[in-house]
Structure formats: C-alpha cells, structure tokens
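The sequence and structure come first.

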Amino acid sequence: MMKLLLKLSRAIDWLTERTGLGPGGTVVDVGAGTGKLSRLLVATGARVVAVEPLAEMRALIEGVEAVDATAEELPFADGVADVVTVAQALHWFDLSRALPEMHRVL
C-alpha cells in the first residue's frame with residue numbers, strides 16, 4: 001500500500017509540475033468514482049471538483065466539491081478548468097462527445 005501511495009504522490013507531483021496547478025487553479029476530476037484521485041489532488045492547493053454521475057459513488061466523495069454529471073455533459077462554463085483528470089473511468093466515456101467537452105472546459 002505504501003508503494004502505491006508513493007507512486008500516486010509522484011504522479012500528482014508530475015501533474016503539478018507540468019501544468020502549474022496550484023492555489024487559485026481549478027481541477028475537474030471526471031468520472032471520480034469514490035473520489036480517490038480527487039482527494040489526492042487537494043494537496044495541490046487548487047479547487048477540486050469531482051464529477052460523478054452515480055449517486056452511490058458520489059455519496060462516498062469527501063473533502064471536495066462533487067457534482068452530478070457525465071463526461072459528455074460537463075456543467076461548467078467554457079475555460080473554467082486549468083486541468084481535467086480522469087483516473088480509471090475513460091473506458092466508460094463516449095469519447096466522441098467527452099473529449100470535446102473536456103477541451104471546452106479547459
């Protein structure tokens with residue numbers, strides 16, 4: 001478990017270094033599930049918004065804002081996000097619709 005946490009921590013560091021994500025920024029975590037990645041993103045200092053369409057999963061998200069939505073219809077204004085993340089849900093998305101939506105909110 002410690003190895004996994006270290007790898008995840010390094011991944012967040014890598015993301016932060018390459019995107020400049022930090023205080024004042026916004027990251028939208030799409031298909032957040034129970035919010036595992038969302039919670040780790042809090043360490044960046046950015047506003048973290050978890051997007052999860054399943055109420056049962058969304059109810060388990062703690063420590064960040066959680067919204068009921070799908071990757072194909074994100075409820076955000078154009079350009080609101082500095083970073084969009086997806087941990088393990090990409091295979092569930094209709095990519096022909098989800099990718100343009102993610103691009104729009106970036």
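In what follows, contact means heavy atoms within 4.5 Å. The model is predicted.

## Thr 26 in strand β1

Thr 26 lies in strand β1. Its relative accessibility is 11%, and buried means under 20%, so Thr 26 counts as buried.

Leaving aside residues up to four places away in sequence, Thr 26 touches Leu 21, Ala 46, Arg 47, Val 80, Ala 81, Asp 82 and Val 83. Between the C-alpha atoms of Thr 26 and Val 49 there are 7.6 Å, although the two residues are 23 residues apart along the chain.

## Asp 29 in strand β1

Strand β1 covers residues 26-30 and also holds Asp 29. Asp 29 is buried but has no salt bridge. The nearest side chain of opposite charge belongs to Arg 39, 8.7 Å away.

The side chain of Asp 29 does make a polar contact of 2.6 Å with the side chain of Ser 38. With residues up to four places away in sequence not counted, Asp 29 touches several others, among them Leu 37, Ser 38, Leu 41, Val 49 and Thr 85.

Helix α4 spans residues 95-105, and its buried residues are Ala 98, Glu 101, Met 102 and Val 105. These residues are on the same side of α4 because they cover an arc of only 100° around the axis. An α-helix has 3.6 residues a turn, so residues three or four places apart point the same way.

The buried residues of α4 pack against β4 (83-85). On the face turned away from the buried side, α4 carries the exposed residues Ser 96 and His 103.

Terms used: Residues numbered from 1 in each chain as written. Predicted model: local features only at pLDDT ≥ 70, side-chain atom pairs only at ≥ 80, totals over all residues. Heavy atoms only, no water. Helix = DSSP H or I, 4+ residues; strand = E, 2+ residues; numbered from the N terminus. Buried < 20%, exposed > 50% of the residue type's maximum accessible area, 1.4 Å probe, protein only. Lys, Arg positive; Asp, Glu negative; His and termini not counted. Salt bridge = Lys/Arg side-chain N within 4 Å of Asp/Glu carboxyl O. Polar contact = N/O pair within 3.5 Å; in protein donor to acceptor, adjacent residues only side chain to side chain. Arc of directions from axis to C-beta.
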